[in-house]
Amino acid sequence: MERKIYLVLAVVTSAILIGLSAGAIYVPPAQSSQSALPYNNAYTITLVVKDSYFNSTLGMEPAFYVLQNGTLSSSSVIRLPVGEIIRMNIVSYDTMVSPPFSTSYSQVMGTIDNQITLLRGNTSLASYSTLSHGISVSSIPYADISHTFTIGLANETVNIPVETGYNVTAFLEIGQPGTYSWGCMCPCGDVPMGTPGWMMGAIEAY
Ligand SMILES: [Cu+2]
């Protein structure tokens, strides 16, 4: 009699285990990438960081650009909608490392879940980092940071550290319309850091 009970228990247990593993197999692979990058209808903006000719004294200096219709345009005034999810992609071609003034800017701030997702980097530049591709993180190793995209909103700071050799995707939402400032918190170039359209500018939230 006892044996029978154990047998029944064993059958039930293995049925549950099979069910569980079958359920696990059932999850389509798309599901996992969707959980890393949700919000399919988000307002998308793509920023590009690359070196550009500044002037004859300084030569090449890094700058943020806005990618619009296949063209790089100035980042001096960036327009973003209020009250909807914004997907901000930052494509970085910068090979330099210039950690921020304060270690606090290695933390992701003000994005949804205080996270960013690191996407495929630009070829061999990713050798700077120990981080994997396609993962969501809440901070970047301080020594790996080349720039930050930091926005001073009315009530909070949005801080997106850019990992050298990686592209970054962040989701954020701006609550109040207004004009805010954005800037890079890394000493990546004295003059560009104070020049609109290079490493600083305005956010026009509408
Ligand atoms: Cu910078």
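Student: What's the geometry at the site of the copper ion?
Tutor: The site is tetrahedral, with angles of 97 to 122° among its four donor atoms. Four donors get that label if all angles lie between 85 and 135 degrees. For comparison, ideal angles for four tetrahedral donors are 109.5 degrees.

Student: Before I get carried away, what kind of model is this?
Tutor: It's a predicted model: local features need pLDDT of at least 70, side-chain atom pairs count only at pLDDT 80 or more, and totals for chains, interfaces and linings use all residues. Residues are numbered from 1 along each chain as its sequence is written, and side-chain values use heavy atoms, with hydrogens and water left out.

Student: Ok, and which protein atoms are the donors of the copper ion?
Tutor: His147 (ND1), Cys184 (SG), Cys188 (SG) and Met199 (SD), lying 2.1 to 2.5 Å from the ion. A donor here is an N, O or S atom within 2.8 Å of the metal (3.2 Å for Na, K and Ca); water is not among the atoms, so sites may look incomplete.

Student: How are those donors spaced along the chain?
Tutor: The spacing reads H-x36-C-x3-C-x10-M. Cys188 sits in the loop between β11 (178-183) and α3 (190-193), while Met199 is in the loop between α3 and β12 (200-205), so this pair ties together parts 11 residues apart in sequence. Helices (H or I, at least four residues) and strands (E, at least two) are DSSP runs, numbered from the N terminus.

Student: How far apart are Cys188 and Met199 in space?
Tutor: They are 8.4 Å apart, C-alpha to C-alpha.

Student: Is Cys188 buried or exposed?
Tutor: Buried, with a relative accessible area of 15%. Buried means under 20% relative accessible area, exposed over 50%, and partly exposed in between (1.4 Å probe, protein chains only). Met199 is buried too.

Student: What does Cys188 touch, leaving aside neighbours within four places in sequence?
Tutor: Its contacts are Glu61, Pro62, Ser98, Ser146, His147, Met193 and Met199. Contact means heavy atoms within 4.5 Å.

Student: New topic: how many helices and strands does the chain have?
Tutor: Three helices and 12 strands. Seven of the strands form an open sheet with mixed pairing, in the order β3-β2-β1-β5-β10-β6-β7. Its edge strands, β3 (71-74) and β7 (135-137), each pair on one side only. Two strands pair if DSSP finds at least two bridges between them.

Student: In which sense do β1 and β5 pair?
Tutor: Parallel, over seven bridges, with β1 covering residues 43-55 and β5 residues 86-92. One example is Thr44, whose bridge partner in β5 is Arg87.

Student: And what does β8 do?
Tutor: Strand β8 (residues 145-152) runs antiparallel to β9 (residues 157-163), joined by seven bridges. The two form a hairpin with four residues between them. β8 also pairs with β11, in the antiparallel sense over three bridges. Gly152 has a bridge partner in each: Thr157 in β9 and Ser181 in β11.

Student: How many of the residues in β8 are buried?
Tutor: Seven of its eight, so to speak a mostly covered strand.

Student: Last one: which residues touch the most other members of the largest nonpolar core?
Tutor: Ile90, Phe149 and Ile160, out of 35 residues in that core. A nonpolar core is a set of buried Ala, Val, Leu, Ile, Met, Phe, Trp, Tyr and Cys residues joined through side-chain atoms within 4.5 Å.

How values were computed: Four donors count as tetrahedral if all angles lie between 85 and 135 degrees; four count as square planar and six as octahedral if opposite donors are over 155 degrees apart and all others between 65 and 115; anything else is irregular.
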